[in-house]
Amino acid sequence: MKGENPHPWLILGDFNAVLGSHEKIGGNPPLLASCNDFMTWTNDGDFVHLPTIGNELTWTNGRQGRHKILQLLDRAICNLELLGFYSSVSCSTLVRVSQITIPFLFLCSIRLVISLHPLYS
């Protein structure tokens, strides 16, 4: 994907992958090959994982006790052009509306440059 689209873009959703064991609580450890594939895809594309404000672990299997699993599966990934285009970007989790997933809110603001016509300056 690197270089295929020079415009700012963002992918927000469930990637069904974690970067490492620090993004999972409960259950079996994540497969190292899967973590490496996700990290390689991210690095090869120069993609940026936007930090998320709120719940760090966005997915649960809905179980309780020792069978409960929490993971960071939902995330916002963008290209460097998006960070250069907007003056600020942020991603936040909202109140969980289902037992399994959590909604996201992505906010951005654009730089506004105002220049006066020479006649009025």
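The legends below accompany close-up views of a predicted model. Residues are numbered from 1 along each chain as its sequence is written.

**View 1. An open sheet of 3 strands.** The strands stand in the order β1-β7-β3 with antiparallel pairing. Strands are DSSP runs of E with at least two residues, and helices are runs of H or I with at least four residues, both numbered from the N terminus; two strands pair if DSSP finds at least two bridges between them. The edge strands, β1 and β3 (48–50), each pair on one side only. On average, neighbouring strands of this sheet are turned by 30° against each other, direction ignored; here axes are lines fitted to C-alpha atoms, for helices over the stretch in contact, and angles run from 0 to 180 degrees between N-to-C directions.

**View 2. The pairing of β1 with β7.** Strand β7 (residues 74–78) joins β1 in the antiparallel sense over 5 bridges. Within β7, Asp74 is the bridge partner of Asp14.

View 3. A pair of aromatic rings is described by the distance of the centres and the angle of the planes. Rings of Phe, Tyr and Trp (its six-membered ring) pair if their centres lie within 6.5 Å; planes under 30 degrees apart count as stacked, over 60 as edge-to-face and the rest as tilted. The count comes to 6 aromatic pairs. In the tilted pair of Phe15 and Phe38, the centres are 5.8 Å apart, with 35° between the planes. Because Phe15 lies in the loop between β1 (10–14) and β2 (24–25) and Phe38 in helix α1 (residues 32–44), this pair ties together parts 23 residues apart in sequence.

**View 4. The stacked pair of Phe38 and Trp41.** Phe38 is buried at a relative accessible area of 7% (buried means under 20%, exposed over 50%, partly exposed in between, with a 1.4 Å probe and protein chains only). Phe38 and Trp41 stack at 6.1 Å centre to centre, with 10° between the planes. Both residues belong to helix α1, where their spacing of 3 residues is about one helical turn. Trp41 is partly exposed at 30% relative accessibility. Ring pairs link Trp9, Phe15, Phe38, Trp41 and Phe47 into a cluster.

**View 5. Cys91 without a disulfide.** The whole structure contains 0 disulfides (a disulfide is a pair of cysteine sulfur atoms within 2.5 Å). For Cys91, the nearest cysteine sulfur is that of Cys78, 9.9 Å away. Cys91 is buried at 1% relative accessibility.

Methods: Predicted model: local features only at pLDDT ≥ 70, side-chain atom pairs only at ≥ 80, totals over all residues. Heavy atoms only, no water.
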